[in-house]
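Subject: That structure I promised you

Hi,

Here is the structure I said I would pass on. Have a look at it first, then read my notes below.

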Amino acid sequence: MKLASVPEALSYEIKNNYAGIHEVVRFNKSISGSVYNEVEDLPITGYFTDANFFRVFGYTLESGNPETALKDAFSIVLTKKAADKFFHGQNAMGQELIINGLGPYKVTGVLAPAPRSHLLFEALGSYSTLSSLSESIALDDWKDLSSTYVYLDINDQNTKEALATGLDN
């Protein structure tokens, strides 16, 4: 069976046991649900991701600091469209966004318009939040193949070959 998603624990295995990995970025697709905006429940979708997301993927922020936007637990970055949807065109920076079942988040960034991508989302939450939501998300589970994606920035061809061999075994 070939899957695009991997067990969360694989990211730690790669980071700790393979030299030549410049960056590891994880995506967990657990941002899903609704946000109440004093009038209605509005749907939200997105990923929890690592603070180095902006360095690896090249997305830019219209508002916020890419070095710190995803650093703290319960911080969230919104697309411009999502920020307008949830805050009716007002400045979303520093505002609180409550996602039903996942808690309150501080808006720490609004994305600039991005190029087309296979990553479809309205929100990016700090990956460090997941340890606080641990009752529903097991970060050391080798059996959950459905919720995490791991992207690597690899320094050289030898690392690619060693990693491919190691993963095949």
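Let's start with the overall form. The protein chain has 169 residues and a radius of gyration of 17 Å, which agrees with the value near 15 Å that a compact globule would have. That radius is taken over C-alpha atoms, and the globule rule is 2.2 Å times the number of residues to the power 0.38.

A bit of housekeeping. This is a predicted model, so local features need pLDDT of at least 70 and side-chain atom pairs count only at pLDDT 80 or more, while totals for chains, interfaces and linings use all residues. Residues are numbered from 1 along each chain as its sequence is written, and side-chain values use heavy atoms, with hydrogens and water left out.

Along the principal axes, the C-alpha atoms fill a box of roughly 55 × 30 × 25 Å. The chain has four helices and eight strands, in the order α-β-β-α-β-β-α-β-β-β-β-α. Both kinds of element are DSSP runs numbered from the N terminus (helices: H or I, at least four residues; strands: E, at least two). Buried residues make up 41% of the 169, where buried means under 20% relative accessible area, exposed means over 50%, and partly exposed is in between (1.4 Å probe, protein chains only). Now take contacts, meaning heavy atoms within 4.5 Å: of those between residues at least 6 apart in sequence, 71% join residues at least 24 apart.

Next, the strands. Which way do S1 and S2 run relative to each other, parallel or antiparallel? Strand S1 (residues 21-36) and strand S2 (residues 41-49) are antiparallel, joined by eight bridges; two strands pair if DSSP finds at least two bridges between them.

Leaving aside residues up to four places away in sequence, Leu42 touches Gly33, Ser34, Val35, Asn37, Lys85 and Phe86. Leu42 and Ile99 are 57 residues apart in sequence, but their C-alpha atoms are 9.6 Å apart in space.

Asn52 counts as buried because its relative accessibility is 8%. Its contacts, again without residues up to four places away, are Glu23, Val24 and Val25.

Now for helix H3. Which of its residues are buried? They are Ala82, Ala83, Phe86 and Phe87. Seen down the helix axis, these buried residues fall within an arc of 105 degrees, so they line one face of H3; the arc is that of the directions from the helix axis to the C-beta atoms. The buried residues of H3 pack against S1, S2, S4, S5 and strand S6 (103-111). After H3 comes His88, whose phi is positive, near 50 degrees. At 56% relative accessibility, His88 counts as exposed.

Last, the charged pairs. How many salt bridges does a search of the whole structure find? There are six, each being a side-chain nitrogen of Lys or Arg within 4 Å of a carboxyl oxygen of Asp or Glu. In one of them, the side chains of Glu23 and Arg55 meet at 3.1 Å, N to O. Glu23 is in strand S1 and Arg55 in helix H2, so this pair ties together parts that are 32 residues apart in sequence. Glu23 is buried, at 13% relative accessible area, whereas Arg55 is partly exposed, at 49%.

Lys80 turns up in two salt bridges. With Glu62, the closest N and O atoms are 4.0 Å apart, and the pair links strand S3 to helix H3 across 18 residues. With Asp84, the closest N and O atoms are 3.3 Å apart; both residues lie in H3, four residues apart, about one turn of the helix.

Happy browsing!
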